[in-house]
Amino acid sequence: MSADEQLRLRERLAKLKRLSLLGGTRLQSDLERLEKQLERIEGVATDEEIWRSVELARHSERPYTLDYVARLLEDFVELHGDRGRADDRALVAGIGRFRGRTVALIGHQKGRDLKERTERNFGMAYPEGYRKAMRVMELAGRHGFPLFTLVDTPGAYPGVSAEQHGQGGAIARSQALMSRLGVPIVSCIIGEGGSGGAIAIAVADRVLMQENAIYSVISPEGCAAILWRDAGQARKAAAAFKPDAVHSLELGVIDAIVPEPPGGAQDDHDEAARLLGESLERALSEIAGTLPDVLRRERRAKFRGMGIHA
Amino acid sequence: MAESRIDVSIERKDEPQPPEGKRHPNTCPSCGSHYRDEELEAALRVCRQCGHHFPMPARERIAHLADPGSFEEESAELRSADPLEFFDLRPYRERLAEAELQTGLGEAIVIGRATLDRHPCELSVMDFSFMGGSMGSAVGEKFVRACEGAGERGVPVISVTASGGARMQEGILSLMQLPKTVCAIEDLYDAGGSMISVMAHPTTAGVLASFASLGDVIVAEPGALLSFTGPRVVQQTTREKLPDDFGLAESNYRFGHVDAIVPRKELRPYLARLLRLFSRER
């Protein structure tokens, strides 16, 4: 079975599992059949595969937001500044044409070389970045533009002025605004989906994740430092909290996995962009035309259902 | 010590500091005064010498805020599951069982209906002593139920937070409790409801970056650490010199992130006044 087929199978299985409340014999037998097939293939991602995702998600040649913008949007106009204090370069925002319609796009942006990395603060946004994102979300809402967000950050910036300018509150309010928007929102985790800095722009109707991206509550190093008292145990930590796409899908946190070119997105930016573009279009077509109230209600219901408790 | 556990869920690059010398939990960390437990409890866990606010257990907080006999706990049976079968140096299930044994609480949050100065409200109170007040699926679920209950009954939510952030042992599901609680507040607001957020020490990371920051009114306790990233991690990551009041309630007040700093002894009348103002029977 090819990797693609495996992915599709897992995706279907995860969806069916979530529907299990509906019961029904047909669904049950589907589920059983799929589960048997899955048992035959090697089962869940191994610790090694999880760590490979961590490495690929952070690969220095991995396509970043602006690499996708250049390949997927026409007439892109980048919008700068939070209209209050600054323009945070760790997060880009703008409007452009996607397959014939105007969309708004927000994404974290890492730098390619040392100079750009410093300028982009390694993709770690200040509150100013999230405020810029919020004003562009409002713009999208005002004009009925669908919103795409691309998530790729180690986390929101942990600095003195970031705290003084209200990092926590900015992340909270950005999520709140997304839960109120009446336009379709599609998010994709394209590299590192690091904690609060990631979820700040990922409260979407459809959340996608690239095959080798990671999505996590804390970095593997951070988790290892706290629970193992040794940041060097990052592999063990990653294996324990499972930030890979397959597990995210199985936990119901994402809706679909976006395939990458063989070997990873870093090997072929054009192909990676083509695959992402297709997934964005498919996800958007599922929700385009939905009434604003329905979008809001369903988006909130989706997040309402997240979590597993006893 | 509480302070050695604050930096949860942050990009920590270096090893944590060893915990500072063993201090008795009833010894004031600011002035060194020592109290018997019942003394401290009678004083609402505020140091009589210097005004330092000790952490307040959820049950005591509720007993203090709710009118006598008015509190009816909800969702008390709800417990955390272990969806990732998480195992670090010890299994997550063991940590949960130990926390329940030590605190007598089923989770790091207690919710229920109450009246405060005869005003009906919904209380949601966190307890830092249960796994650092960390938020996993069960904590998020209980907060959401508090909002839903309040919305249905048309009463305000009073939320008291004390949390190190999202609970690592539930991985990405803990992160999803941020948008989940945020959406619940938006639903509450859409239904005409209100929320008063009381930030106790410490309110950090994932809880600060979600429901705690979204109150109609945000109140902080004196000296509480309210930061997205804890001071030690900021220091280690940025090598910046930290101001003395880094992340404290007083600094947050100065920078415009909280509406007021209210000493614990004045909190109840302060909340009563807000409940009168938000009351629908105007």
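This is a short chat about a predicted model, covering a helix in chain B and then chain A.

Me: Before we start, what kind of model is it, and how is it numbered?
Reply: It is a predicted model, where local features need pLDDT of at least 70, side-chain atom pairs count only at pLDDT 80 or more, and totals for chains, interfaces and linings use all residues. Residues are numbered from 1 along each chain as its sequence is written, while chains are lettered from A and ligands numbered from 1 in the order in which they are written.

Me: Which residues of α10(B) are buried?
Reply: B:R264, B:L267, B:L271, B:L274 and B:L275 are buried (20 or more other C-beta atoms within 10 Å of a residue's own; exposed is 12 or fewer, partly exposed in between; C-beta atoms are placed from the backbone).

Me: Why are they on the same side of α10(B)?
Reply: Because they cover an arc of only 100 degrees around the axis, taken from the directions from the helix axis to the C-beta atoms.

Me: And what is exposed on the other side of α10(B)?
Reply: B:E266, B:P269, B:R273 and B:L277 are exposed there.

Me: Switching to chain A, how many helices and strands?
Reply: Chain A has 14 helices and 8 strands (DSSP runs numbered from the N terminus: helices are H or I, at least four residues; strands are E, at least two).

Me: How much of chain A is buried?
Reply: Buried residues are 54% of its 310 residues.

Me: Where is A:G94?
Reply: A:G94 is in strand β2 of chain A, residues 91–98. A:G94 counts as partly exposed because it has 19 C-beta neighbours inside 10 Å.
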